[in-house]
Amino acid sequence: MTIARTICIGFLAVIAIGTLLLMLPFATQDGNWNNPLVALFTATSAVCVTGLIVVDTGSYFSFWGQLIILLLIQVGGLGYMTTTTFLILLLGRRFDLRQKLAIQESFDRPFLHGNSQTLIRSIIATTLGFEIFGILLMLNVFSQKYGTLQGLWLAIFHSISAWNNAGFSLFSDSLMSFSDSPTINFAIPLLIIFGGIGYQVIMELYMAIVHLVTRKQERFIFSLNFKVVITTTTILLVAGTLIFFIIEYPNPNTLGNLDLKSKFLTAWFQSVTTRTAGFNSIDIGKMSFSGLFLTIGLMFIGASPSGTGGGIKTTTLRILTNCTRSVLRGNDEVVMFRREIPVSLILKAVAVVFGSTNMVVLMTFLIYLNEGIFNPSFFESGVTSFQVLFEVVSAFATVGLSAGITDKLSAISQILLIVTMYTGRVGILLFMAAIAGETRPRVIQYPEETLLVG
């Protein structure tokens, strides 16, 4: 079995186990057997760290159901192979080359050199460290309103959900009731950002801090991946905040009735969470068309490689942006930070965007066709094709923001969203590689010829 198929089947296995557990009576508040489709949709959304829901998590599921969802989020955020390997290490079994290659494939990074066991332990330690820090930050806010025990559980749930960019909330309005809380508007975005930039970037930042503290004379050199991820993330966060602020400023249903401080806090929160986290502090369904369009764009871009978020990734966007700039300048090479990008990486970036776009278009078309034929009242109620597109992009980029139509979709359309979430989590190229099977290197060199483009 290929490594791609191992990872894809592993995620399916976790989703299957989660579905079975969420179907059991103890998982629901009313103590009855759960609807299989609700259980499947919720388990998929949790494992794929998406956050789209068809029922209210806080009121529909019992404490044990919420705990199962939280465990699925943690496994999904870490990745199937990372979790499996960590369990193998706990059991004292040997860590073989195949598992190392599988983790490398799942993280989509060729940086796994040296002691891979140490790497896995550091990933787990980093995850727990940030999640505990988030719990401590939010504990006081939730405890003051809901008591110590309930406040602790809310802090644990939302910290883990935020770090894994899952977007699951135990509040029916997500975090809208905390839109003016400086603590929540700091803690949640902090977890989302660090969870989304990737473990390699966090580790490199840690090494740079250690290097600075120890006052070593030689200069610390950041990798190209670090520079691209940090700069692109910063640009997207700042630009997203400003554009959200400008677009939604006059909208009385979002920012219009807030004071200036709350406007900036809300715009900042939405800029952060839009890129694969899925929490919301405003009613997404009441945003302006321009605001929704901007949200779709940011969702599609997503987080960074080896992080807990989805989307086409910040590095893919940067490669294609610089590729376009090189073409306009008449250059044959793509250069970033005085480093030339390999042609193979450019081809991969093109394939990611092409495959992702096709997946989004296909699923939007199928859902629109299905609802139009078998559920005509769906569109008669005022739902538009743009809202369907919004939902599909949110599912594929594992964001979880919703225009409020997920629970209104028919069973077939919800299953299509399940497939979309799964494909977005494992990665479009990995998903296609699992279907295609083993690749064979080309042994024939063909002559080169040009053609007209553009």
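Mentor: About 80 Å³ of space lies in the largest cavity, the volume being the space filled by probe spheres set on grid points joined across faces, edges and corners. The model is predicted, so local features need pLDDT of at least 70 and side-chain atom pairs pLDDT 80 or more, while totals for chains, interfaces and linings use all residues. Residues are numbered from 1 along each chain as its sequence is written, and side-chain values use heavy atoms, without hydrogens and water.

Trainee: Why is a space called a cavity?

Mentor: A set of points on a 1 Å grid over the protein atoms alone is called a cavity because a 1.4 Å probe fits there but cannot get out. A search of the whole structure finds one of 30 Å³ or more.

Trainee: What makes a residue part of the lining, and which residues line the largest cavity?

Mentor: A lining residue has an atom within 4 Å of a point. Among those lining the largest cavity are Asn 165, Ile 192, Thr 233, Arg 275 and Ser 304.

Trainee: Which helix gives the most to this lining?

Mentor: α9 does, with four residues. Both α9 (182-197) and α11 supply at least two residues; helices are DSSP runs (H or I, at least four residues), numbered from the N terminus.

Trainee: Where is Val 238 placed, and why is Val 238 called partly exposed?

Mentor: Val 238 is in helix α11. Its relative accessible area is 46%, and partly exposed lies between buried (under 20%) and exposed (over 50%), with a 1.4 Å probe and protein chains only. Val 238 is therefore partly exposed.

How values were computed: On a 1 Å grid over the protein atoms alone, a cavity is a set of points where a 1.4 Å probe fits but cannot get out, and a pocket is an open set with protein on both sides within 12 Å along at least five of seven lines; lining residues have an atom within 4 Å of a point.
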